[in-house]
Amino acid sequence: MSGPHWVIHLPTTLTDHQAAVDLLAALRTSLAHVSVLDFGEATISVEDEQSTRTRIWCDAPVGEPRAGPGSRRCHRFVNHPGPCAN
């Protein structure tokens, strides 16, 4: 039996929604090699409204399932047009 998974909350000084999305996308790219991070489940929120979170990525399963967190899941933005892509 494994223990609970932990969530890291990382506040920023950003004041713009798109800037927060852009930063999260840059973090996903630069930290892609860190297998314990699941950017597919990443959300953002306004500092004083942390109970209201916005999903960034679709994260739907794509094709044949493979082992490992985040593998074979859609990396496109939520509500994207067209089919999912990995």
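Of the 86 residues of the protein, 15% count as buried, where buried means under 20% relative accessible area, exposed over 50%, and partly exposed in between, with a 1.4 Å probe and protein chains only. The model is a predicted one, in which local features need pLDDT of at least 70, side-chain atom pairs count only at pLDDT 80 or more, and totals for chains, interfaces and linings use all residues. Residues are numbered from 1 along each chain as its sequence is written, and side-chain values use heavy atoms, with hydrogens and water left out.

The pLDDT is the predictor's confidence in each residue, on a scale from 0 to 100. Its mean for the protein is 88, and 90% of the residues reach 70 or more.

The protein contains one helix and two strands, arranged α-β-β from the N terminus on. Helices (H or I, at least four residues) and strands (E, at least two) are DSSP runs, numbered from the N terminus. Confidence is highest in helix α1 (residues 17-30), at 95, and lowest in strand β2 (residues 54-55), at a mean of 92.

The protein exposes about 6,900 Å², of which carbon and sulfur atoms supply 58%; accessible areas come from the Shrake-Rupley method with a 1.4 Å probe, and for residues only the protein chains shown count as cover. On this surface, I8, L10, V36 and L37 make a nonpolar patch of about 460 Å². Like charges are joined within 9 Å, and nonpolar side chains (Val, Leu, Ile, Met, Phe, Trp, Tyr) within 5 Å. V36 lies in the loop between α1 and β1 (43-44).

| Residue | Relative accessible area | Class |
|---|---|---|
| W57 | 1% | buried |
| D59 | 5% | buried |
| H80 | 16% | buried |
| F77 | 45% | partly exposed |
| V36 | 73% | exposed |

A search of the whole structure finds one aromatic pair. W57 and F77 form this pair, which is stacked, with 6.4 Å centre to centre and 15° between the planes. The two residues are 20 apart, both W57 and F77 being in the segment after β2, and the pair links distant parts of the chain. Rings of Phe, Tyr and Trp (its six-membered ring) pair if their centres lie within 6.5 Å; planes under 30 degrees apart count as stacked, over 60 as edge-to-face and the rest as tilted.

D59 also lies in the segment after β2. Leaving aside neighbours within four places in sequence, D59 is in contact (heavy atoms within 4.5 Å) with G40, E41, R73 and C74. H80 belongs to the segment after β2 as well; with neighbours within four places in sequence left aside, H80 is in contact with C58 and C74. The C-alpha atoms of H80 and C58 are separated by 7.6 Å, although these residues are 22 apart along the chain. Among the contacts in the protein with a separation of 6 or more, 18% are accounted for by residues 24 or more positions apart.

Key:
Patches are made of residues with over 30% relative accessible area and no salt bridge: like charges are joined within 9 Å, nonpolar side chains (Val, Leu, Ile, Met, Phe, Trp, Tyr) within 5 Å. A salt bridge is a side-chain nitrogen of Lys or Arg within 4 Å of a carboxyl oxygen of Asp or Glu.
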